[in-house]
Amino acid sequence: MYNHFSGSTLYLDVLPSSFRFLKGPILFMISMNFIGKSLSKQTVRLLLFPFFVVFILNIIAFWQLIRFKEVQPMLLQGYDYIFKGYFYYWLGFILLAILQLCRFANRELPFFRHYYIFLTYLAVSVTAYYVSYKAGVDIDKIRHVYNYLFFIQFGLLINLVLRIKNAKEHSNPPVVAETIDKYKHSNLTPATMQEIAASIRGFLDQTQDYTSEDYGLLNLAEQIQTPKHQISQVITDHMQTSFYELINTYRLELFIKKLQENPSCNVSDLSFQVGFKSRTTFYKYFKSKLGVTPSEFKEQIKCALP
């Protein structure tokens, strides 16, 4: 393609790559995974739909270049129409990732700030590129500058990956010390913590609100009318677990109950019904707790039936 256009980067504008439309969805999915949320298969398909549309257009355009040495004007108009909104498409995904990060991510994570810096840098550099382009700056010069900015972006990404890796390797020992330090000034007595723990268990035993994928600590705090930080302390110190581990335990128990009531139901569908967001995560969690896969457990239930 580069030779076809006599060594010019013009082809990037004439026949832009469909893989540009992968960046936004991939960044958003990584961000959702970062904050502990997963997307349904239907949502992922919807996010990737623009990529597949442009990918098919790329194939048609390349075939026309090989066969007829030119691309039909109608197809070029289609490209032009699609890529007029590409800047907003890409920037929209970046801003959406930043929004989700600020709303749901744990700001105490050692790499939160670095991921936030990475996303902010993306937003600023993409906006600067677009503004320069609209201002009439030579497109080849803009691309050269943007290529150098990409190296900075890549460096920020490597820094982020290394920090995440380092945090995971040292995640177990500091947890206890950090928890003790976090709650050392708390005025909750053992009796009060026991009361709050009883309220938590009592509420979760009576409701199935935790089957919502977005159910969080704030929801529980509002429902039992107890400050969020106190619930967090009770779950960590008194109940010796984490919020999500506690909720997943209830989800797992509900899954088993429903499966026993109706062994013919679909395992994956049932896992989503009780609140698990990812089939893969659910299968791993189930096997770590029961020693068998959900499908194997389902067969055990069927074999036990008269």
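Mentor: Helices (H or I, at least four residues) are DSSP runs, numbered from the N terminus. An axis is a line fitted to C-alpha atoms, for helices over the stretch in contact, and angles run from 0 to 180 degrees between N-to-C directions. The model is a predicted one, in which local features need pLDDT of at least 70 and side-chain atom pairs count only at pLDDT 80 or more, while totals for chains, interfaces and linings use all residues. Residues are numbered from 1 along each chain as its sequence is written, and side-chain values use heavy atoms, with hydrogens and water left out.

Two packed helices are described by the angle between their axes and the distance between the axes. Here the pair is helix α3 (residues 41-68) and helix α4 (residues 73-84), whose axes cross at roughly 150° and come within 11 Å. The two helices are therefore roughly antiparallel to each other, a term for angles over 145 degrees. The crossing of α3 past α4 is left-handed: the near helix is turned anticlockwise from the far one by less than a right angle.

On the α3 side, the contact (heavy atoms within 4.5 Å) is made by Val54, Leu57, Asn58, Ile60, Ala61 and Gln64. Helix α4 contributes Leu75, Tyr79, Ile82 and Phe83. By class, eight of the contact residues are nonpolar, two are polar and none is charged. In this scheme Ala, Val, Leu, Ile, Met, Phe, Trp, Tyr, Cys and Pro count as nonpolar, Asp, Glu, Lys and Arg as charged, and the others, Gly among them, as polar.

How values were computed. Angles under 35 degrees count as roughly parallel, over 145 as roughly antiparallel, 65 to 115 as roughly perpendicular and the rest as oblique.
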